[in-house]
Amino acid sequence: MDGKELEKEIDDLLRAAGLDLLEFSVTRHRGKTHVRAVIYSREGTGTDECAKAHRLILPRVQMRLGDQEPYIEVFSPGIDRIIRTEREWQAFTGSYIMILTSDVPEWRKGRLVNFGKGVVQIEMNETVVDIPIASIQKAKLDSSHEGEKTHGI
């Protein structure tokens with residue numbers, strides 16, 4: 001089984017449990033399997049969510065890779081996570097973010113409303129702005145809103 005197949009299985013498993021898989025990697029070092037996963041939950045991603053993900057990932061890795069003692073690390077994305085992939089744009093919809101684009105030399109802050117077809121929609125000052133993905137130099141979560149109700153919670 002290759003890493004992409006295992007990643008898809010783990011992604012489906014975590015998604016059914018209400019968790020988003022943002023990153024996943026499997027490496028071997030000195031005959032030992034190392035698994036790294038970054039997970040996210042809209043309701044908050046803490047030690048309980050990471051432990052839940054670990055409990056779900058462990059038996060699947062043991063079964064699929066035949067290693068009964070894999071080293072598994074599960075992380076939350078962190079409060080200032082840089083957004084790089086389509087998977088992250090989708091997971092963070094509804095979150096407050098900061099964007100630096102090639103046409104505006106300063107950070108713009110807002111709430112990520114939608115992502116699709118090469119465009120990110122950001123709500124800034126009660127106005128929704130379309131920003132082409134190609135113009136984004138850097139995007140990250142805005143930790144200044146950490147703890148605020150961003151998903152109706």
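The following paragraphs describe the fold, the surface and selected residues of a predicted protein model.

Residues are numbered from 1 along each chain as its sequence is written, and side-chain values use heavy atoms, with hydrogens and water left out. Because the model is predicted, local features need pLDDT of at least 70 and side-chain atom pairs count only at pLDDT 80 or more, whereas totals for chains, interfaces and linings use all residues.

The secondary structure comprises three helices and eight strands, where helices (H or I, at least four residues) and strands (E, at least two) are DSSP runs numbered from the N terminus. Read from the N terminus, the order of the elements is α-β-β-α-β-α-β-β-β-β-β. The C-alpha trace spans about 50 × 30 × 25 Å along its principal axes. A contact means heavy atoms within 4.5 Å; among contacts between residues at least 6 apart in sequence, 52% join residues at least 24 apart.

Of the 153 residues, 35% count as buried; this term denotes under 20% relative accessible area, exposed denotes over 50%, and partly exposed lies in between (1.4 Å probe, protein chains only). The protein exposes about 8,900 Å², of which carbon and sulfur atoms supply 47%; accessible areas come from the Shrake-Rupley method with a 1.4 Å probe, and for residues only the protein chains shown count as cover. As to charge, the mean positions of the 22 positive and 25 negative charges are 3 Å apart. Here Lys and Arg count as positive and Asp and Glu as negative, while His and the chain ends are not counted; the place of a charge is NZ of Lys, CZ of Arg, CG of Asp or CD of Glu.

A search of the whole structure finds two aromatic pairs. Rings of Phe, Tyr and Trp (its six-membered ring) pair if their centres lie within 6.5 Å, with planes under 30 degrees apart counted as stacked, over 60 as edge-to-face and the rest as tilted. The rings of Tyr40 and Phe92 have centres 4.7 Å apart and planes at 70°, so this pair is edge-to-face. It links distant parts of the chain, 52 residues apart: Tyr40 belongs to strand E2 (residues 32-40), and Phe92 to the loop between helix H3 (86-91) and strand E4 (96-101). Tyr40 is buried at a relative accessible area of 10%, as is Phe92 at 0%. Trp89 and Phe115 form a stacked pair, at 6.0 Å centre to centre and 10° between the planes. This pair joins helix H3, which holds Trp89, to strand E5 (residues 108-116), which holds Phe115, across 26 residues. Both Trp89 and Phe115 are buried.

Helix H3 also contains Glu88, which is buried, with a relative accessible area of 2%. Leaving aside residues up to four places away in sequence, Glu88 touches Leu22, Glu23, Arg81, Ile82 and Ile83.

Another ring interaction involves a charge. The charged end of Lys140 sits over the ring of Trp107, 5.2 Å from its centre; the criterion is that NZ of Lys or CZ of Arg be within 6 Å of the ring centre and within 35 degrees of the ring normal.

The loop between strand E6 (119-124) and E7 holds Asn125 and Glu126. Phi is near 50° in Asn125, a positive value in a residue other than glycine, and near 65° in Glu126, likewise a positive value in a residue other than glycine. Asn125 is exposed at 77% relative accessible area, and Glu126 is exposed at 76%. Strand E7 (residues 127-132) includes Pro132, which is partly exposed at 43%.
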